Amino acid sequence: MAETSARLLALLSLLQTPRDWSGTDLAERLGVTTRTIRRDMDRLRALGYPVHATRGTAGYRLASGAAMPPLLLDDEEAVAVVVGLRTAADGSVRGSEEASLRALAKLEQVLPSRLRQRVNTLHGATVRAGAQPGPTVSSETLVAVAEACRRRERLRFDYTSPRGGATVRTVEPHSLVSFGRRWYLVAFDTDRDDWRSFRVDRLTPRALTGPRFAPREPPRGDAAAYLTHQLSSGTWPYRAIVRLHASSEAVAGNVWPGMGVLEAVDEHSCLFHVGAETPSDLVWMITSVQTDFTLVSGPPELADAFRAQAARCAAAVDG
């Protein structure tokens, strides 16, 4: 029985290659007769795998089914998949970071040590060019936090604040959020009885497992929306509120996460809450939304910054 099971796994691995396999080819690969191949095909069909036979060529192909079959990879394929997932988890593929991390956590759990060493060697020798890299976060930390989120287990970790002070936090982790070039953990802080967001590059997990908890609904109903509001409503030296002459739905695509918070007013306007390091940065952020606006409130220096920007634009056109 063990020999048959091993042969079925090997056969399934071959069938996952997108091509038609003749019975003779499969028999030679596995060292059996074509009659045994036909019996094994029947066994796979009985297990629910959609094995189709191609007429005229006596070929076999694994068709798409209602459920994904176990994925069988050789060493080279496994290394390639892990490297690709780590690259995507770094944020290079927009929108796929969290899904890549979940898949990476599952795959690295079963990866043999010999392959894990090859992956780590390749990953450590790779240098990213182009976009400014974010703070370094080990894949081990990301996977540990992702697993705690998935399993709904309390997480205890050491956390270093921006000022350098260290504290021990105990949280109910909800989600990992990739924001720009950084990773954040959105979690309910049990000691402070409130929701918090944490930079993952500043935390070090103390224990990989903790007591289970019942999931809570995050503020604003969404972890990413909560984090966006937290980051955009931070303590900025200069803050402003402008009334945009367009609906929040119309301009939402021009406001990236962390840039500011839109507050719907009616179908023709919305309020834009924004903060920045300098008045000039405020001008750039407000005008980049690309719609007419009215200044509702802001620092006195903001009016001067708007006038200076207008003068530069006028001079460029006149010139």
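Contact here means heavy atoms within 4.5 Å. By that criterion, phenylalanine 272 touches Ala240, Ile241, Val242, Leu244, Val255, Met259, Gly260, Val261, Leu262, Met285, Ile286 and Val289. Residues up to four places away in sequence are not counted in this list. The model is a predicted one. Phenylalanine 272 is found in strand 11, which spans residues 269–276. The residue is buried, and its relative accessible area is 0%. Leucine 295 lies 23 residues from phenylalanine 272 in sequence. In space, the two are 9.7 Å apart, C-alpha to C-alpha.

The wider protein was examined next. It has 11 helices and 12 strands. Of its 319 residues, 35% are buried.

Helix 2 comprises residues 23–30, and helix 3 comprises residues 34–46. The two helices pack at an angle of about 100°. Their axes are 8 Å apart. Angles of 65 to 115 degrees count as roughly perpendicular, so helix 2 is roughly perpendicular to helix 3. Helix 2 contributes Gly23, Thr24, Leu26, Ala27 and Leu30 to the contact. Helix 3 contributes Thr34, Ile37 and Met41. Of the residues in this contact, five are nonpolar and three are polar. No charged residue takes part.

Helix 2 has two contrasting faces. Its buried residues are Gly23, Leu26 and Ala27. These cover an arc of only 100° around the axis, so they sit on the same side of helix 2. Glu28 and Arg29 are exposed. Both are carried on the face of helix 2 turned away from its buried side. Glycine 31 follows helix 2. Its phi is positive, near 70°.

Positive phi values were also found in residues other than glycine. One of these is arginine 152, with a phi of about 55°. Arginine 152 lies in the loop between helix 7 (139–151) and strand 4 (155–160). Its relative accessibility is 26%, so it counts as partly exposed. Glutamine 290 likewise is not a glycine, and its phi is positive, near 65°. This residue is found in the loop between helix 10 (279–287) and strand 12 (293–297). Glutamine 290 counts as exposed because its relative accessibility is 68%.

Cysteines were then checked for disulfides. A disulfide is a covalent bond between the sulfur atoms of two cysteines. The test requires a pair of cysteine sulfur atoms within 2.5 Å. By this rule, the count comes to zero disulfides. Cysteine 270 is buried, with a relative accessible area of 0%. Cysteine 313 has a relative accessibility of 44% and counts as partly exposed.

Notes:
Residues numbered from 1 in each chain as written. Predicted model: local features only at pLDDT ≥ 70, side-chain atom pairs only at ≥ 80, totals over all residues. Heavy atoms only, no water. Axes fitted to C-alpha atoms, helices over the stretch in contact; angles between N-to-C directions. Helix = DSSP H or I, 4+ residues; strand = E, 2+ residues; numbered from the N terminus. Parallel < 35°, antiparallel > 145°, perpendicular 65-115°, else oblique. Nonpolar A, V, L, I, M, F, W, Y, C, P; charged D, E, K, R; others polar. Buried < 20%, exposed > 50% of the residue type's maximum accessible area, 1.4 Å probe, protein only. Arc of directions from axis to C-beta.
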